[in-house]
Amino acid sequence: MKKLIAILFLALPFFANAQTQDEKTAAAVNNLLYVMDVPVCKSDTTIVADEKAKFKYNSGCGDHLFWKVINDYRLKAVPYLLAAIDNTEATQAKLPDGKGHYLMGDVALMALRETIHDMPVEELAGKKVSDYSDSWKFYTKELKDIKKRKALKEALTKWYDEHKNNLIFEKSDVFGNCTCAGKHPVGGFYRIKKEGEVEEAPKKAERKTPIKAGTTQKEKDAPAIPVKENAIPAAVPQGQQLKKTE
């Protein structure tokens, strides 16, 4: 009995630190409170389309923390982002005029627009971002009233529930909030699937073993056998470390 108690005692830290996928997703979305840069444009921003341009973080197009949530969790994060729309806690991202900070609900909406380009944020809000001289004022003025935030949250949640099973990922370098230059950090976005459209089939794995003379077509089409290599893989640079939530 004492041995069993000892084992359970030693296992407590493991169970205390273990998180379900839902808990990890919720924590990641909650960490958007610590973003320093978000993808919005001021009216005087001039962007020249350049396919060779390199995307830069913290340049008015979002920081690593912002894009990490979208890239790592994709549609799993959507319900948590929707729930955060009426969250009025201030984030670390400063407004372009320096007179305040974006709210958690603002950043959640930006993340939603980058995740699903067809999400009708402007239509359901009853106001276009382009109606303001600076796009960021859509959040600070149009959504200043908490009642409007709650109404938009409810409408967008209903829209997502109706369309979540009919979304498809499109590879693209087009952004949802701002026409930033360079390769998209996520590689694309979700949109509503067109009638008859199907997901792109994954490419066949490249064959690593040589094909000998006299090999039949059936043998050629067989799955390739991976070849073990002795080369040591290069270290993968780690992204910005997330701050722990309480």
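**Helix packing in the model**

Modeller: Ala-108 is in contact (heavy atoms within 4.5 Å) with Leu-81, Ala-84 and Ile-85, leaving aside its neighbours within four places in sequence. This is a predicted model, where local features need pLDDT of at least 70, side-chain atom pairs count only at pLDDT 80 or more, and totals for chains, interfaces and linings use all residues. Residues are numbered from 1 along each chain as its sequence is written, and side-chain values use heavy atoms, with hydrogens and water left out.

Colleague: Is Ala-108 buried or exposed?

Modeller: Ala-108 lies in helix H5. Helices are DSSP runs of H or I with at least four residues, strands are runs of E with at least two, and both are numbered from the N terminus. Buried means under 20% relative accessible area, exposed over 50%, and partly exposed in between, with a 1.4 Å probe and protein chains only. Ala-108 has a relative accessible area of 0%, so Ala-108 is buried.

Colleague: What separates the C-alpha atoms of Ala-108 and Asn-30?

Modeller: The two residues are 78 residues apart along the chain. Their C-alpha atoms are separated by 9.6 Å.

Colleague: Which residues does Asp-106 touch, not counting residues up to four places away in sequence?

Modeller: Asp-106 also lies in helix H5. Asp-106 is buried, with a relative accessible area of 2%. With those sequence neighbours not counted, Asp-106 touches Tyr-139 and Arg-149.

Colleague: How are H3 and H5 oriented to each other?

Modeller: Two packed helices are described by the angle between their axes and the distance between the axes. The axes of H3 (residues 64–73) and H5 (residues 104–115) come within 10 Å and cross at roughly 50°. Axes are lines fitted to C-alpha atoms, for helices over the stretch in contact, and angles run from 0 to 180 degrees between N-to-C directions. Under 35 degrees counts as roughly parallel, over 145 as roughly antiparallel, 65 to 115 as roughly perpendicular and the rest as oblique, so H3 and H5 are oblique.

Colleague: Which residues of H3 and H5 meet?

Modeller: The residues of this contact divide into six nonpolar, one polar and one charged. Nonpolar covers Ala, Val, Leu, Ile, Met, Phe, Trp, Tyr, Cys and Pro; charged covers Asp, Glu, Lys and Arg; the others, Gly among them, are polar. From H3 come Phe-66, Trp-67 and Ile-70, and they meet Val-107, Met-110, Ala-111, Glu-114 and Thr-115 in H5.

Colleague: What covers the buried residues of H3?

Modeller: In H3, Leu-65, Phe-66, Trp-67, Val-69, Ile-70 and Tyr-73 are buried. Their cover includes helix H2 (21–30) and H5.

Colleague: Which helices do the buried residues of H2 pack against?

Modeller: The buried residues of H2 are Thr-25, Ala-27, Ala-28 and Val-29. They pack against H3, H4 and H5.

Colleague: What is the phi of Arg-74?

Modeller: Arg-74 is found in the loop between H3 and helix H4 (78–83). Arg-74 is partly exposed, with a relative accessible area of 24%. Its phi is positive, in a residue other than glycine, and is near 50°.

Colleague: How many helices and strands are there in the protein?

Modeller: From the N terminus on, the elements run α-α-α-α-β-β-α-α-α-α-β-β-α. That is nine helices and four strands.
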